[in-house]
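Here is a short tour of one protein model, meant to be read with the structure open beside you. We start with confidence, then visit a helix and a loop.

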Amino acid sequence: MMTTCVLIKHSSPEQHDGLKTRSKTGNDARPARKHGCHLVAGRNCLRLIEPMNSPTLKSARGTCARQTEAQTDVETVPENYGRCMGVGGAIMMRIDNLQYANWSDKIFRQMREGDVDAAHVTIAYHETFRETVLNFEQWNRWFELYPDMIMKGQWASDVDVARKTGRTAIFFGFQNPSPMEDDIGLIEILHSLGARFMQLTYNNQSLLATGCYEAEDTGITRMGKQVIKEMNRVGLVIDMSHSADRSTIEAADSSERPIAITHANPYEWSPALRNKKDDVIRAVTENGGMLGFSVYPHHLKGKSDCTLASFCEMIARTAEKFGAQHLGIGTDLCQDQPDSVVEWMRVGRWSKDIDYGEGSASAAGFPRMPEWFKDNRDFGNVERGLRATGLSDADVAGIMGDNWHRFYAENFIPNAG
Ligand SMILES: [Zn+2]
């Protein structure tokens, strides 16, 4: 049965801000989100969508029209329930599988403006278990403060809920195994709290595996093998973004469930220490795993001056080689972070000397982002760039979000038995 939905068009982000402000001040008791009224700035469209005859929608139409007065254009468009519409076509799902921003109201709003349905965010680099719990607490506070923009993500179905309600689902991950300390029992506890990705190493050797900055890669350790089994059991995804080659291949081969490289690019395109050689990408993808492409300038060909065309061509070539269904986006966006944070990311508490990581003494801070990707509002550039390479609509949709969504559905749920 065809379901008729409503597309409500707004003309500027200011109108959206106006909606929010009115809701917060209580002039209108119903926040816009509750009736699916959420502006996707820059697209002149509103995602909704409710069946035409639903009481919620009738309320939405009335309230939205009243709130934005003559500036809002309400029209009916045919579309399936739950789809997000753009003017003239369906909007693809967008999932960014790695960000570590200096979170704020501004960035959450930009996520909505960029139509980001879900993001996997790092909540631990060097934190202990207790320190990580404080970061979960901080996120709970943000979910409480900004319920119209973000929600906690635990399962793939939460991405669908976020899409239908005009929000971004936030999934949690660690770039280091430090939150589990040396206690394998904490893996299940951390998954219960909402962790969904954990790197086995962050550049250095860990109790579990070898990081990509070590001179010798001895592969997965004895404890690492036990931890992989436990992560498989509870549904915590193994992320090898900062790991060395042999360790990554061994993790991919020994894990019973697919693993991920959430944020890196092919070494062949840009030979950075953090980027991945073909045999590593092959081991991960052949076992059903995912590679998320990073726009962090140290991972890009030409760094900050990398062009969108070069980035998207690289993705298209990687799709030819390894299959588009194994590819997604993991921008590694570190928006608004001070340079002291990148120093802490590199040094933590393991060294008294400065380690410049991918930077250098003369360029120690965060690098300048490429012109075509400065923040969450720029995902449209990537989508357009991918289309321009000649990739099929299905492949572009997969890379922009559908593949991560499928991966979430298959890998976050605990193994039966
Ligand atoms: Zn990283």
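pLDDT is the predictor's confidence in each residue, on a scale from 0 to 100. This is a predicted model, in which local features need pLDDT of at least 70 and side-chain atom pairs count only at pLDDT 80 or more, while totals for chains, interfaces and linings use all residues. Residues are numbered from 1 along each chain as its sequence is written.

The protein has an average pLDDT of 83, and 78% of the residues score at least 70. Over residues 1–89, pLDDT stays under 50. Where pLDDT is low, the predicted coordinates should not be read in detail.

## Helix α7

Helices are DSSP runs of H or I with at least four residues, strands are runs of E with at least two, and both are numbered from the N terminus. Helix α7 covers residues 222–234. Its buried residues (20 or more other C-beta atoms, placed from the backbone, within 10 Å of their own) are Gly 224, Val 227, Ile 228, Met 231 and Asn 232. Seen down the axis of α7, they fall within an arc of 140° (taken from the directions from the axis to the C-beta atoms), so they line one face of the helix.

Their cover includes α6, β11, β12 and α8. After α7 comes Gly 235, with a positive phi near 95°.

## Ser 241 in its loop

Ser 241 sits in the loop between β12 and α8. Ser 241 is buried, because 27 other C-beta atoms lie within 10 Å. The C-alpha atoms of Ser 241 and His 263 are separated by 5.9 Å, although the two are 22 residues apart along the chain.

Methods. Two residues are in contact if their C-beta atoms, placed from the backbone, lie within 7 Å. The expected span of a helix is 1.5 Å times one less than its number of residues. A residue is buried if 20 or more other C-beta atoms lie within 10 Å of its own, exposed if 12 or fewer, and partly exposed in between; C-beta atoms are placed from the backbone.
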